[in-house]
Amino acid sequence: MSKTVTIYTDNTAAFAQQYIAVRKAEDRLYKDDTVAQLPDIDSRHPHSREWAIRKKSCAALTTFLSKKNRPLTILEVGCGNGWLCNRLTHIPQAMVTGIDVNTTELRQATRIFGNLPNLSFANASLSDFASSIKYDAIIFAASIQYFPSLSEIINMALQNTVPGGEVHILDSPFYKNEAAAMAAEERSIQHYQQLGYPEMAIYYFHHSSSDLPMQHTTVQYNPSHWRSRLNRPCNPFPWLIIKKMQL
């Protein structure tokens with residue numbers, strides 16, 4: 001599901017400004033030495049439980065991609081401060097690129113991780129990212145909710161993958177039906193109003209599982225499965241893999 005509002009798509013500067021303001025209000029802008037260690041973080045930090053979950057999803061993703069046992073080109077869309085890109089560089093024979101329209105965190109990512117030989121960053125959205133490279137894997141980690149049309153952004157990502165390539169979506173909420181999505185949307189509106197940034201609600205989207213291209217989508221991790229609930233801390237978000245078919 002997506003909102004009927006359509007003003008944000010060509011206004012990345014306004015989105016980036018709102019996004020950074022909200023990140024600051026939520027205590028999600030970190031010092032360089034903290035970012036360098038992510039997803040490991042002090043257990044006393046207010047978001048330590050969230051990072052424990054993201055540490056598990058990061059480990060699962062890097063293990064999955066490492067098992068391909070071949071050179072990989074990887075693109076992370078909405079890389080923020082670059083912490084996940086840094087972890088992805090540990091995959092043998094991986095070349096990693098991170099893109100974001102948020103220049104504040106992107107500058108931080110470049111400052112901290114820019115010396116890694118198999119990692120590069122670009123200030124760009126996927127729609128205007130000029131690259132001659134087709135990627136083996138395109139990653140959306142806690143970022144797919146900032147795109148209004150799920151089908152459009154997935155199709156765009158698949159166009160930028162090699163045949164047999166994969167789009168991975170992690171650490172993002174999906175809702176079972178439109179009613180659940182609408183209820184979540186109301187909670188988001190209230191959250192941003194309480195923070196003092198109500199405009200941010202027009203940039204945050206609540207996608208339904210029914211919007212996924214189910215024929216080519218694998219649920220690699222299902223938070224509703226009973227085994228997932230036994231594994232603490234339980235990640236409440238699915239891990240989805242959309243595969244581009246071989247020619």
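Predicted model: local features only at pLDDT ≥ 70, side-chain atom pairs only at ≥ 80, totals over all residues.
# Group meeting: buried faces, cores and side-chain pairs

Good morning. I begin with helix H5, residues 103–113, whose buried residues are Glu105, Leu106, Gln108, Ala109, Ile112 and Phe113. Viewed along the axis of H5, these buried residues lie within an arc of 160°, so they line one face of the helix. The face turned away from that buried side carries Arg107 and Arg111, which are exposed.

What do the buried residues of H5 pack against? Their partners are the helices H1, H2 and H4, together with strand E2 (94–100) and strand E3 (119–123). One further detail belongs to the start of H5: there, a side-chain oxygen of asparagine 102 comes to within 3.2 Å of the backbone nitrogen of threonine 104.

Let me turn to the nonpolar cores. The largest nonpolar core has 29 residues, and the members that touch the most other members are Leu65, Ile74, Leu88, Phe121 and Ile139. Which elements give two or more residues to this core? They are H3, E1, H4, E2, H5, E3, strand E4 (135–141) and strand E7 (239–243). Helix H5, with which I opened, is therefore among these contributors.

Isoleucine 74 deserves a moment of your attention. Not counting residues up to four places away in sequence, isoleucine 74 touches Leu65, Leu88, Ile91, Ala94, Met95, Val96, Thr97, Tyr135, Ala137 and Ile139. There is also a second, separate core, made up of 24 residues, and it includes Phe140, Ile153, Phe174 and Leu212.

I come next to the aromatic rings. A pair of aromatic rings is described by two values, the distance of the centres and the angle of the planes. How many aromatic pairs does a search of the whole structure find? The search finds 10.

Another pair joins phenylalanine 140 and phenylalanine 147. Their ring centres are 5.8 Å apart and their planes stand at 90°; planes over 60 degrees apart count as edge-to-face, so this pair is edge-to-face. Phenylalanine 140 and phenylalanine 147 are both buried, and phenylalanine 140 has already been named as a member of the second core. Ring pairs also build a cluster, which links Phe15, Tyr19, Tyr146, Tyr192, Tyr203 and Tyr204.

Leaving aside neighbours within four places in sequence, serine 188 is in contact with Tyr204 and His206. The relative accessible area of serine 188 is 13%; buried means under 20%, so serine 188 counts as buried.

My last topic is charge. The whole structure was searched for salt bridges, and 10 were found. Glutamate 50 and arginine 28 form one of them, with their closest N and O atoms 2.5 Å apart. Why can this pair be said to tie together separate parts of the chain? Glutamate 50 lies in helix H3, whereas arginine 28 lies in the loop between helix H1 (12–25) and helix H2 (32–35), so the parts that are tied together are 22 residues apart in sequence. Glutamate 50 is partly exposed, at 27% relative accessibility, while arginine 28 is buried, at 19%. Both residues also belong to a network of salt bridges that links Glu26, Arg28 and Glu50.

A further salt bridge joins aspartate 171 to arginine 54, the closest N and O atoms being 3.4 Å apart. Aspartate 171 sits in the loop between strand E5 (161–170) and helix H7 (178–195), and arginine 54 in helix H3, 117 residues apart. Both aspartate 171 and arginine 54 are buried.

Finally, lysine 68 and glutamate 166 meet in a salt bridge of 3.1 Å, N to O. Lysine 68 is in the loop between H3 and strand E1 (72–77), glutamate 166 is in strand E5, and 98 residues separate them. Lysine 68 is partly exposed, at 27% relative accessibility; glutamate 166, with a relative accessible area of 6%, is buried. Thank you for your attention.

Key:
Residues numbered from 1 in each chain as written. Heavy atoms only, no water. Phe/Tyr/Trp six-rings, centres within 6.5 Å; stacked < 30°, edge-to-face > 60°. Buried < 20%, exposed > 50% of the residue type's maximum accessible area, 1.4 Å probe, protein only. Salt bridge = Lys/Arg side-chain N within 4 Å of Asp/Glu carboxyl O. Helix = DSSP H or I, 4+ residues; strand = E, 2+ residues; numbered from the N terminus. Arc of directions from axis to C-beta. Contact = heavy atoms within 4.5 Å. Polar contact = N/O pair within 3.5 Å; in protein donor to acceptor, adjacent residues only side chain to side chain. Core = buried A, V, L, I, M, F, W, Y, C linked by side-chain atoms within 4.5 Å.
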